[in-house]
Amino acid sequence: MAAWTDISGIKQKIAESSAEEVTATYIEAIGKSKINGFTTVWDEAINVAREIDSNGHEGPLAGVPIAIKDNISTTGLSTTCSSKILQGYVPPYDAHVIEKLKAAGAVILGKTNMDEFAMGTSTESSYYGATLNPWDNDRVPGGSSGGSAAVVAAGEAPISLGSDTGGSVRCPAAFCGVVGLKPTYGCISRYGLISYANSLEQIGPLATNVTDIATLMDIVAGYDNRDSTSINRENNYSEALKDDVNGLKIGVPDEYFGEGIDEGVEKAVWDAIAKYEDMGASWEKVSMPHTKYALASYYIIAMSEASSNLARFDGTRYGFRADGDNWHVMASKTRAEGFGDEVKRRILLGTYALSAGYHDKYYLKALKVRTLVKQDFDKALSEVDVLMAPTMPTPAFKIGEKIDDPLSLYLADVNTVPINLAGVPSISVPCGFSDGMPVGLQIIGKHFDENNILRAAYSFEQNTDHHTKRPGEVA
């Protein structure tokens, strides 16, 4: 079976042979892989596929394999957030999205590698070692859902789920040349997603094409009363997939093409916008003046929430536990030995931002800036249908190039974090190459307007061949 097969191709293959054979083919590919995309391969996957065969392939994803980011809870399958502190933890329950995938007949292949606790842009902070970019094994796949994007790009899974707190689905999608969607906040239940920053993160799908993204959204989106941020709103995402952008008004924010953008990335994105013009759309420049404050606001908020969320990991209940003469010594040693450097850095900075005397100076001010950023989006999207910009300012960088310079890693998120602050949906689609590496076009829409950005992405895909390129092929 060829790599990069889509859902429809997988289902055809299952009809011709069996779900068991398809699953075995992917597990064999994972076993031969050199990219370190999985932290765990599920030993029950073949048995699940065999049962689906015996039940007559019921469900829209019957027998279709899927990879799951290692911070989404799965019953009976290790979920570690790629951290030593959760080593050996097996959740007693499924996340809401996993319940929905199982009901649809999907076969979970295993859990994918990620930056520890989703904190990173390169998947280098994983306790299990860095994931390699399938296009160039000397480069990062992006993060924090680097494993989820890399295994799809490498043909080790046809589809996957990641999570996006500040670009963690769209960044690796851009770096690995696949499609990744960050839905509107509240669109997909976060029940069972191990929290990093509750007010920012969303589970999102990755695939080789927009059609499969819409199919996954039809399955995993929807209301869940166990998540207080879940929105009760019905939608059919696959209905949006029409090759028609005639009359579409595109806004191009000047602030997303600023200092530090790679020349090849900028050219690829402008070529994509020109293609939309050829297809009947129009574009105009828009201003989003508070974008320059978004990165600082995001990191203060995210680190503050991380400081609170990660306080629960103390060795008392689950995961790694260090020895100590009393609880205080044990908990201190557990956290010192169990967390990696980046996680410790963010906990410390978040704790500082929330501390007495600094709460108003940092955290409260960051929340006010967040409101201004959201208002920028509301204003711009009242004048145009979608916004378009580079997903990432550069193509994938070399492994080790930025790991010792946390600030440069944070700056890489400059075009993605404003979307999470505003809570709006955004999709990254391949739009070309720079330095032989994929470039992502980011399409941003109004709240709960996934259908519009899916239609725009689908139309671009139907009229270009960027998404068909495989690792090793250069445009």
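## Close-up views of a predicted model

View 1. Residues are numbered from 1 along each chain as its sequence is written, and side-chain values use heavy atoms, with hydrogens and water left out. A cavity is a set of points, on a 1 Å grid over the protein atoms alone, where a 1.4 Å probe fits but cannot get out. Grid points are joined across faces, edges and corners, and a volume is the space filled by probe spheres set on the points. The structure has 5 cavities of 30 Å³ or more. Lining residues have an atom within 4 Å of a point; the largest cavity has 13 of them, and G120, S168, Y298, Y299 and D413 are the closest to its centre.

**View 2. The largest pocket has a volume of about 420 Å³.** A pocket, unlike a cavity, is an open set of points, with protein on both sides within 12 Å along at least five of seven lines. Here 23 residues form the lining, and nearest the centre lie E259, P393, L411, V414 and N415. Helices α9, α13 (406-411) and α14 (417-422) each supply at least two lining residues. Which helix gives the most to this lining? That is α9, with 4 residues.

**View 3. Helix α9 covers residues 291-309.** Helices (H or I, at least four residues) and strands (E, at least two) are DSSP runs, numbered from the N terminus. The expected span of a helix is 1.5 Å times one less than its number of residues. For the 19 residues of α9 this gives 27 Å, which agrees with the 27 Å between its end C-alpha atoms.

**View 4. An open sheet of 11 strands has mixed pairing.** Its order is β1-β3-β2-β4-β6-β5-β10-β11-β9-β7-β8. At the edges are β1 (38-41) and β8 (282-286), each pairing on one side only. Two strands pair if DSSP finds at least two bridges between them. On average, neighbouring strands are turned by 30° against each other, direction ignored. Strand β1 runs antiparallel to β3 (residues 107-112), joined by 3 bridges, and V41 has G110 in β3 as its bridge partner.

**View 5. Strand β6 is largely enclosed by the rest of the structure, because 6 of its 6 residues are buried.** Q202, G204 and L206 are buried on one side, and I203, P205 and A207 on the other. Antiparallel β4 is joined to β6 by 6 bridges, with S163 partnered by I203. Strand β5 pairs with β6 in the antiparallel sense over 2 bridges, and V179 has A207 as its partner. What stands opposite L181 in β10? It is I427.

**View 6. Helix α4 (residues 96-103) lies across β2 (65-69), β3, β4 (159-164) and β6 (202-207).** It runs at about 175° to β2. Helix α7 (residues 210-220) also packs on the sheet, touching β2, β4, β5 (179-182), β6 and β10 (426-434), and its direction makes about 140° with that of β6. Contact means heavy atoms within 4.5 Å; axes are lines fitted to C-alpha atoms, for helices over the stretch in contact, and angles run from 0 to 180 degrees between N-to-C directions.

Technical notes
Predicted model: local features only at pLDDT ≥ 70, side-chain atom pairs only at ≥ 80, totals over all residues. Buried < 20%, exposed > 50% of the residue type's maximum accessible area, 1.4 Å probe, protein only.
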